Amino acid sequence: MSSKTKANAYWQANLKLVSVLLCIWFIVSFLCGIVLVDFLNQFRLGGYKLGFWFAQQGSIYTFVVLIFVYAHKMKKLDQQFGSGE
Amino acid sequence: MDLRTLTFLIVGLTFALYIGIAIWARASTTKEFYIAGGGINPVANGMATAADWMSAASFISMAGLIAFMGYGGSVFLMGWTGGYVILALLLAPYLRKYGKYTVPEFIGDRYYSNIARVVAVICLIVCSVTYVIGQMKGIGVAFSRFLEVDYDIGLLIGMGIVFFYAVLGGMKGITYTQIAQYCVLIFAFTVPAIFISLNLTGNPIPQLGLGSTLVGSDTYLLDKLDLILTDIGFKEYTTNTRINTLNMFAYTLSLMIGTAGLPHVIIRFFTVKKVSDARVSAGWALVFIAILYTTAPAVAAMARLNLVNTIEPNATENLVYDERPDWFRNWEKTGLLGFEDKNGDGKIQYTNDDSNEMVKVDQDIIVLANPEIANLPNWVIALVAAGGLAAALSTAAGLLLAIASAISHDLLKGVFRPKITERQELNASRLAMAGAVLLAGYLGFNPPDFAAGTVALAFGLAAASIFPALMMGIFNRRMNKEGAIAGMLAGLSVTLFYVFQHKGILFIVDTSFLGNMTPNWFFGIEPNAFGAVGAVVNFVISILVSSFTKTPPDHILDLVENIREPITQ
């Protein structure tokens, strides 16, 4: 691969990863925590109504996981396309 | 030892620690002053970022806000944490890769325009200054409430401490003190929460306690809370929406992109060594933030339950006013709790209608009085004072650095006096920092009338002006200076227009220029939540304008390619 197509492939892979992670970010907070909250509240997680749990606990835990997954996958992409740091 | 002496001792010890760190971490170059030398460990930076981010508002007010809003308070929880996902995925690594010192510097270079840089400096200064007023007030209040020192003297002591380590150490001094401040504030926040959770549910982990049953019963804590609140006429805690779903959506989104666009948070990611460190560091920052942000809803619900239970031990028997507990008496003195015996029966009625006799329950007592309500030992109460001060000081210092570096690096070195030497710039940055501390102190002594409305403005501006300009600078190659400047100005004016229309021009009441409108006329979105709309306006205008003006010059296209490339040696 020429350096140009290589950089391009890296960028596309990056965009794809970011889009997937941002979809999850959107689903756990805006959908589960806000838009679908009444629907989810009919289910329970221990003493939590599920929608309420997403809004005040679950979304935050997911955010943390998302950032570490991103950092980990990007490191792999860097190794694959570049020569590592 | 009595509480006051103990509080002086604990606060004094933490202050001595901050000063010790300041002397040890002096800055001797501009690189150390602006970005702490650029070699901070990602976990340490995460911790410093968490302290930088969590202000007096997060520490003192947020749990109280949630306690009285219930589910509606989730906008703060999701908004102020979800912003880190956007920051980590869309901004931090690229801005770190670019490898400069300030946010306006990136905007000025990327949009090859000193005008863009100056516009960014103005946005930065407006959001940071409005934000810092709240911290200064927090410092004064913490001193006056816990140490019984005058508000003014408390503020002076606080300013003196920040002055010392921020002027001497710049980002380097600030980073290491923030790490210490994080430890103090998280300990102070979680210890009372653990005790209270243990008391109520038998589970020492507040996050699990909130989903557990109450001690000695099969009823879940949240169900009980819903039940007793609806009994006295309040809305159900777990489903109480803030205005409507669209407003919750817009509010959360505004806080998220506002968070990602706040310059004092962004510059923290310039201090790590590598781009991959910037990514990991954002994850650690959110871990440290999440410890407080997932504990806060537990503190909120448990404190609300304790409060109602104290006032109404059971459905038929209300608390007799003369038998009220000590913490109730103490907080009545501060004016944060107020009781008025409307029906003259000598008992306290707490309801959500006209017969309510708890005429004042300030949201701040939820965190501040929590240890007393739960009968915790004095050292825990003293710790809360030190924690509140740590939260306010660490955020103030971070904001002041963002202001000082924008003045010395962007305005002076970047625009007006490009020829000054490094030595001169370092002196200028110390001078700018000293000036910023004095300005913040002045505003703390004379809080402008609009102080209460300024949080909306800080987040609104960051969301509507800075964030879109940064994001498109990275993700839209074709974005040019005309588009970016038009977008920033449009986002800025729409947000200002909406906030001022509702809250008065410059927050002076009764200056709403379109007459007396129904509040929240735009699809029911409150002014505090309008940053998201401002951001959309910014994106649309910049893309439109850039599509019929020239593409950026070649060296800018190369710059964009460069920040997008995989990381190599």
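Reader: Why is Gln178(B) called buried?

Author: The relative accessible area of Gln178(B) is 0%, and a residue counts as buried when this value is under 20%, so Gln178(B) is buried. Please keep in mind that the model is a predicted one. Gln178(B) belongs to helix H8 of chain B, and, leaving aside residues up to four places away in sequence, Gln178(B) touches Ala48(B), Ala51(B), Asp52(B), Arg268(B), Ser394(B) and Gly398(B).

Reader: What makes the link between the side chains of Gln178(B) and Arg268(B) a polar contact?

Author: The two side chains are joined at 2.9 Å, and a polar contact asks for a pair of N or O atoms within 3.5 Å, one able to donate a hydrogen and the other to accept it, so the pair of Gln178(B) and Arg268(B) is a polar contact.

Reader: How do you know whether H1(B) is roughly parallel or roughly perpendicular to H8(B)?

Author: Helix H1 of chain B, residues 3–24, packs with H8(B) at an angle of about 105°, and their axes are 8 Å apart. Angles from 65 to 115 degrees count as roughly perpendicular, and therefore H1(B) is roughly perpendicular to H8(B). Among the residues that make this contact are Phe15(B) and Trp24(B) of H1(B), together with Phe164(B) and Tyr176(B) of H8(B). By class, the contact of H1(B) with H8(B) holds 16 nonpolar, 4 polar and no charged residues.

Reader: Is Ser281(B) buried or exposed, and how do you know?

Author: Ser281(B), which is found in helix H13 of chain B, has a relative accessible area of 0%, and since buried means under 20%, the conclusion is that Ser281(B) is buried. Apart from residues up to four places away in sequence, Ser281(B) touches Pro42(B), Asn45(B), Gly46(B), Phe269(B) and Val272(B).

Key: Residues are numbered from 1 along each chain as its sequence is written. Chains are lettered from A and ligands numbered from 1 in the order in which they are written. This is a predicted model: local features need pLDDT of at least 70, side-chain atom pairs count only at pLDDT 80 or more; totals for chains, interfaces and linings use all residues. Side-chain values use heavy atoms; hydrogens and water are left out. Helices (H or I, at least four residues) and strands (E, at least two) are DSSP runs, numbered from the N terminus. Buried means under 20% relative accessible area, exposed over 50%, partly exposed in between (1.4 Å probe, protein chains only). Contact means heavy atoms within 4.5 Å. Axes are lines fitted to C-alpha atoms, for helices over the stretch in contact, and angles run from 0 to 180 degrees between N-to-C directions. Angles under 35 degrees count as roughly parallel, over 145 as roughly antiparallel, 65 to 115 as roughly perpendicular and the rest as oblique. Ala, Val, Leu, Ile, Met, Phe, Trp, Tyr, Cys and Pro count as nonpolar, Asp, Glu, Lys and Arg as charged, and the others, Gly among them, as polar.
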